[in-house]
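Please look at the sequence and the model below before going on.

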Amino acid sequence: MSISIVPLGANDRADWDPLWAGYLEFYQHELSAQQSDLSFSRLTDAAFPAWGALARDEHGRAVGMVHWLTHPSTWEPEPLVYLEDLFVDPATRGSGVGRALIDYVSRWAHERGHAKVYWQTAADNATARRLYDAVAEQHFVVYEINNP
């Protein structure tokens, strides 16, 4: 399968929506339509420090998405890149789309002088973890406190 990775643009909403919905369904999470609107708006706003990209197959069909943001670090002089969301259409998994999306973000970060790219996934996400273990090292366990 031939894959191209392209920056997410304001005209990509119709292609992004099903991937975003699939991502939320995979993690059994619901967001309001307003939050999804806000997320897409931020990802396509050049003034907001978050970015997105779509993976397209040889027919131009969107088969994967990735979102990332940057932030300063107390451990590095250069900013870090947090790869926040990555999703590949289930029919396309195993074809290299996930790796291509990670490589895209990694190149993006390298070209801009960012210290590193990092991300997290659910502990039971065995399929994704096989890829992640092949392209990165696991160092930390994540804890969360949700505010009421």
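Is Leu 31 buried, partly exposed or exposed? With a relative accessible area of 33%, Leu 31 is partly exposed, because that value falls between the 20% limit for buried and the 50% limit for exposed. The structure is a predicted model.

## The loop between H1 and H2

Leu 31 sits in the loop that joins H1 to H2. Not counting residues up to four places away in sequence, Leu 31 touches Trp 20, Leu 24 and Ser 36. Leu 31 and Leu 80 are 49 residues apart in sequence, and their C-alpha atoms are 26 Å apart in space.

Gln 28 is also found in the loop between H1 and H2. The relative accessible area of Gln 28 is 74%, so this residue counts as exposed. Most residues other than glycine have a negative phi. Gln 28 is not a glycine, yet its phi is positive, at about 50°.

## Helices H1 and H2

How do the axes of H1 and H2 cross, and within what distance do they come? They come within 12 Å and cross at roughly 125°. This angle makes H1 oblique to H2. The crossing in which H1 passes H2 is right-handed. On the H1 side the contact is made by Arg 13, Trp 16, Trp 20 and Leu 24. On the H2 side it is made by Ser 36, Asp 37, Ser 39, Phe 40 and Leu 43.

Helix H2 spans residues 33-43, and its buried residues include Ser 36, Ser 39, Phe 40 and Leu 43. These four cover an arc of only 95° around the axis, so they lie on the same side of H2. An α-helix has 3.6 residues a turn, so residues three or four places apart point the same way. Among the elements that cover the buried residues of H2 are helix H1 (13-26), S2 and S3.

## The nonpolar cores

Which residues touch the most other members of the largest nonpolar core? They are Val 66, Trp 68, Leu 86 and Leu 101, out of 20 residues in that core. Two or more residues each come from strands S2 (50-56), S3 (62-71) and S4 (80-88), and from helices H3 (97-111) and H4 (126-135). H3 gives the largest share of this core, with seven residues.

Setting aside residues up to four places away in sequence, Val 66 touches Trp 51, Gly 52, Ala 53, Leu 83, Asp 85, Leu 86, Leu 101 and Val 105.

## Trp 68

Trp 68 belongs to strand S3. Its relative accessibility is 3%, so Trp 68 counts as buried. Apart from neighbours within four places in sequence, the contacts of Trp 68 include Pro 49, Ala 50, Trp 51, Gly 52 and Ala 53. Trp 68 is also in contact with Val 81, Tyr 82, Leu 83, Glu 84, Tyr 104, Val 105 and Trp 108. Between Trp 68 and Trp 119 there are 9.2 Å in space, C-alpha to C-alpha, although the two are 51 residues apart in sequence.

## His 114

Where does His 114 lie? His 114 is in the loop between H3 and strand S5 (117-118). With a relative accessible area of 16%, His 114 is buried, because the limit for buried is under 20%. Leaving aside neighbours within four places in sequence, His 114 is in contact with Thr 70, Glu 78, Pro 79, Val 81, Trp 108 and Ala 109.

## Helices H3 and H4

The axes of H3 and H4 come within 10 Å and cross at roughly 45°. H3 and H4 are therefore oblique to each other. H3 passes H4 in a crossing that is right-handed. Gly 98, Arg 99 and Ile 102 of H3 make the contact with Leu 131, Tyr 132, Ala 134 and Val 135 of H4.

Within H4, the residues Ala 128, Leu 131 and Tyr 132 are buried. Their arc around the axis is only 100°, which puts them on the same side of H4. Arg 130, Asp 133 and Ala 134 are exposed on the other side of H4. The cover over the buried residues of H4 includes S4 and H3.

Terms used:
Residues are numbered from 1 along each chain as its sequence is written. This is a predicted model: local features need pLDDT of at least 70, side-chain atom pairs count only at pLDDT 80 or more; totals for chains, interfaces and linings use all residues. Side-chain values use heavy atoms; hydrogens and water are left out. A nonpolar core is a set of buried Ala, Val, Leu, Ile, Met, Phe, Trp, Tyr and Cys residues joined through side-chain atoms within 4.5 Å. Buried means under 20% relative accessible area, exposed over 50%, partly exposed in between (1.4 Å probe, protein chains only). Contact means heavy atoms within 4.5 Å. The arc is that of the directions from the helix axis to the C-beta atoms. Axes are lines fitted to C-alpha atoms, for helices over the stretch in contact, and angles run from 0 to 180 degrees between N-to-C directions. Angles under 35 degrees count as roughly parallel, over 145 as roughly antiparallel, 65 to 115 as roughly perpendicular and the rest as oblique. A crossing is left-handed if the near helix is turned anticlockwise from the far one by less than a right angle, and right-handed if clockwise.
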